[in-house]
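Subject: Structure handover

Hello,

Here is the structure for your files. My notes on it follow below.

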Amino acid sequence: MFELPKLPFDRNSLEPFISAETIDFHYGKHHHAYVNNLNSLIVGTPFENAALEDIVMKSEGGIFNNAAQVWNHTFYWNSLAPQSETPSTKLLQIIDSNFGSLDQLKEQFLKAAAANFGSGWTWLVKTADGKLKISSTSNADNPLKHNEIPILTCDVWEHAYYIDYRNARPRYLEAFWKIIHWKMVENRWLNENVSLDFFHQ
Ligand code: MN
């Protein structure tokens with residue numbers, strides 16, 4: 001049985017960028033529903049006692065969709081920080097060598113996220129050859145399925161922003177950029193272990 005992971009911050013601490021009402025629905029209803037659905041779907045299957053990442057890697061269909069959405073949302077909440085952060089000098093060097101500058105990364109990331117058609121996720125990933133790359137996936141899809149390590153994610157499903165920004169995804173993306181947990185991004189880049197144990201460090 002999986003449980004809804006604890007939020008790493010208070011429900012109102014991302015305001016004014018993401019409201020407590022959005023957290024109540026997005027975390028309290030949507031994320032929670034994926035956990036409940038997953039628990040129902042795995043009963044009596046080979047995944048009943050499997051680790052979440054094993055299910056993400058090996059399942060398909062409804063079980064995959066719900067397992068990946070549990071993973072993706074947990075990672076999304078851990079991608080956000082109540083206090084405004086800036087990338088460290090060390091992380092900036094990695095960003096500069098892959099994108100030219102932090103401004104270039106922002107421009108390219110927000111452009112990719114705005115253009116990610118329909119429901120999905122836009123990520124920073126570490127590729128197999130050690131590059132930092134922007135990647136967009138659809139629906140519940142997760143970079144782990146494509147041999148890439150998630151470093152940062154932005155949820156672009158409408159339920160992530162409709163309460164606060166209505167249909168204006170670009171305004172949500174600008175807000176998202178202001179609350180990125182850059183320390184987590186750096187830790188994630190340095191940490192080759194992609195286990196969900198990461199969330200408990
Ligand atoms: Mn979501």
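In helix 1, I23, H26, Y27, H31, Y34, V35, N37, L38 and L41 meet G62, I63, N66, A67, Q69, V70, H73, T74, Y76 and W77 of helix 3. Contact here means heavy atoms within 4.5 Å. By class, this contact has eleven nonpolar, eight polar and no charged residues. Ala, Val, Leu, Ile, Met, Phe, Trp, Tyr, Cys and Pro count as nonpolar; Asp, Glu, Lys and Arg count as charged; the others, Gly among them, count as polar. Helix 1 covers residues 20-41 and helix 3 covers residues 61-78. They pack at an angle of about 145°, with their axes 9 Å apart. Axes are lines fitted to C-alpha atoms, for helices over the stretch in contact, and angles run from 0 to 180 degrees between N-to-C directions. The crossing is left-handed (near helix turned anticlockwise from the far one by less than a right angle; clockwise is right-handed). Helices (H or I, at least four residues) and strands (E, at least two) are DSSP runs, numbered from the N terminus.

Two points on provenance. This is a predicted model, in which local features need pLDDT of at least 70, side-chain atom pairs count only at pLDDT 80 or more, and totals for chains, interfaces and linings use all residues. Residues are numbered from 1 along each chain as its sequence is written, and side-chain values use heavy atoms, with hydrogens and water left out.

Next, the metal. Which residues coordinate the manganese ion? The donors are H26 (NE2), H73 (NE2), D155 (OD) and H159 (NE2), at 1.9 to 2.1 Å. Donors are N, O and S atoms within 2.8 Å of the metal (3.2 Å for Na, K and Ca); water is not among the atoms, so sites may look incomplete. Their spacing in sequence is H-x46-H-x81-D-x3-H. D155 counts as buried because its relative accessibility is 0%. H159 is buried too, at 17%. Buried means under 20% relative accessible area, exposed over 50%, partly exposed in between (1.4 Å probe, protein chains only).

Helix 4 spans residues 89-99, and its buried residues are L91, I94, I95 and F99. They sit on the same side of helix 4 because they cover an arc of only 100° around the axis. The arc is that of the directions from the helix axis to the C-beta atoms. On the other side, T89, Q93 and S97 are exposed. The cover over the buried residues includes helix 5 (102-115), strand 1 (120-126), strand 2 (132-138) and helix 8 (182-190). G100 follows helix 4 and has a positive phi, near 95°.

Helix 5 also packs on helix 7 (residues 169-178), at about 145° and with axes 10 Å apart. This crossing is right-handed. L102, L105, K106, F109, L110, A113 and A114 of helix 5 meet R169, L173, E174, F176 and W177 of helix 7. By class, that contact has nine nonpolar, no polar and three charged residues.

Last, a pair to look at. S135 is in strand 2, and E148 is in the loop between strand 2 and strand 3 (149-155). Buried or exposed, what is E148? E148 is buried, at 12%; S135 is buried as well, at 13%. The contacts of S135 include E148, W121 and W123, leaving aside neighbours within four places in sequence.

Best wishes
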